[in-house]
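Me: Hi! I have a chain open on my screen and would like to talk it through with you.

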Amino acid sequence: MRGAKLSFTRRNALGFTLVEILIVVVILGILAGIVIPQFARASGDAQQTATFSELQKIRRHIEMYRARNAGQLPEVIEGSLGDWGQIVGRNSEYLQGPPTNAWVGGLNGQKIQFASGPDAAFQLDYGWIYDPTTGRVWAGSFDAQDAPIAR
């Protein structure tokens, strides 16, 4: 066997093997399982923050209206989609458009409910709670401390 050469040639691979592809797919699945819930949480946080900001605006503008109009409150209409009386409108010096409760979402996020206090449980029926006797406002599906109620 002196003259015989043993030659092992390795085949030049031009692609990936099925096992390599499966490993990559599994790793991507694991990463997606970790990342997607974080995006959902970030979306919920943004809705809560936007709603709290809108609530603060409404409260501020109702107080400004009251101060400029000898203690009188705006003519808010219960059950309406954002009819906050004189504080909302194209020509209003307060808010140009109706505020939306992003935590409730949809068209009901602009709906106004009359009551004397905040919600006790999460609901999707209205976005804002207004007390026409005191002028106090709460965000729908938020508690008395202005914290969102869990869905």
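This is a predicted model: local features need pLDDT of at least 70, side-chain atom pairs count only at pLDDT 80 or more; totals for chains, interfaces and linings use all residues.

**Talking through the chain**

Reply: Happy to! Let's start with Gln123, which is buried at a relative accessible area of 10% (buried means under 20% relative accessible area, exposed over 50%, and partly exposed in between, with a 1.4 Å probe and protein chains only). Residues are numbered from 1 along each chain as its sequence is written, and side-chain values use heavy atoms, with hydrogens and water left out.

Me: Thanks! Where does Gln123 lie?

Reply: Gln123 is in the loop that runs between strand 1 (112–114) and strand 2 (128–130). Helices (H or I, at least four residues) and strands (E, at least two) are DSSP runs, numbered from the N terminus.

Me: And what does Gln123 touch?

Reply: Not counting residues up to four places away in sequence, Gln123 touches Val104, Gly140 and Ser141. Contact here means heavy atoms within 4.5 Å. The Gln123 side chain also reaches the backbone oxygen of Tyr126, at 3.1 Å.

Me: Ser141 came up there. Is Ser141 buried or exposed?

Reply: Ser141 counts as buried, with 0% relative accessibility. You'll find Ser141 in the segment after strand 3 (137–139). Its phi is near 65 degrees, a positive value in a residue other than glycine.

Me: Which other residue has a positive phi, near 50 degrees?

Reply: That's Ala70, with phi near 50 degrees. Ala70 lies in the loop between helix 1 and strand 1, and at 81% relative accessibility Ala70 counts as exposed.

Me: OK, new topic. How many helices and strands are in the chain?

Reply: The chain has 1 helix and 3 strands, and along the sequence they follow the pattern α-β-β-β. The radius of gyration of the chain is 29 Å, well over the 15 Å that the globule rule gives for 151 residues, so the chain is more spread out than a compact globule. That radius is taken over C-alpha atoms, and the globule rule is 2.2 Å times the number of residues to the power 0.38.

Me: What box do the C-alpha atoms fill?

Reply: Roughly 115 × 35 × 20 Å, taken along the principal axes.

Me: And how much of the chain is buried?

Reply: Buried residues make up 30% of the 151 residues.

Me: Let's go to the helix. What does Gln48 contact?

Reply: Gln48 is in helix 1 (residues 18–68). Leaving aside neighbours within four places in sequence, Gln48 is in contact with Trp103, Phe142 and Pro148. At 23% relative accessibility, Gln48 counts as partly exposed.

Me: How far is Gln48 from Asp146?

Reply: Their C-alpha atoms are separated by 10.0 Å, though Gln48 and Asp146 are 98 residues apart along the chain.

Me: Tell me about Asp146, then. Which side chain does it join in a polar contact?

Reply: The side chain of Asp146 is joined to that of Arg59 by a polar contact of 2.7 Å. A polar contact is a pair of N or O atoms within 3.5 Å; within protein, one must be able to donate a hydrogen and the other to accept it, and residues adjacent in sequence count only if both atoms are side-chain atoms. Asp146 is in the segment after strand 3 and is buried, with a relative accessible area of 16%.
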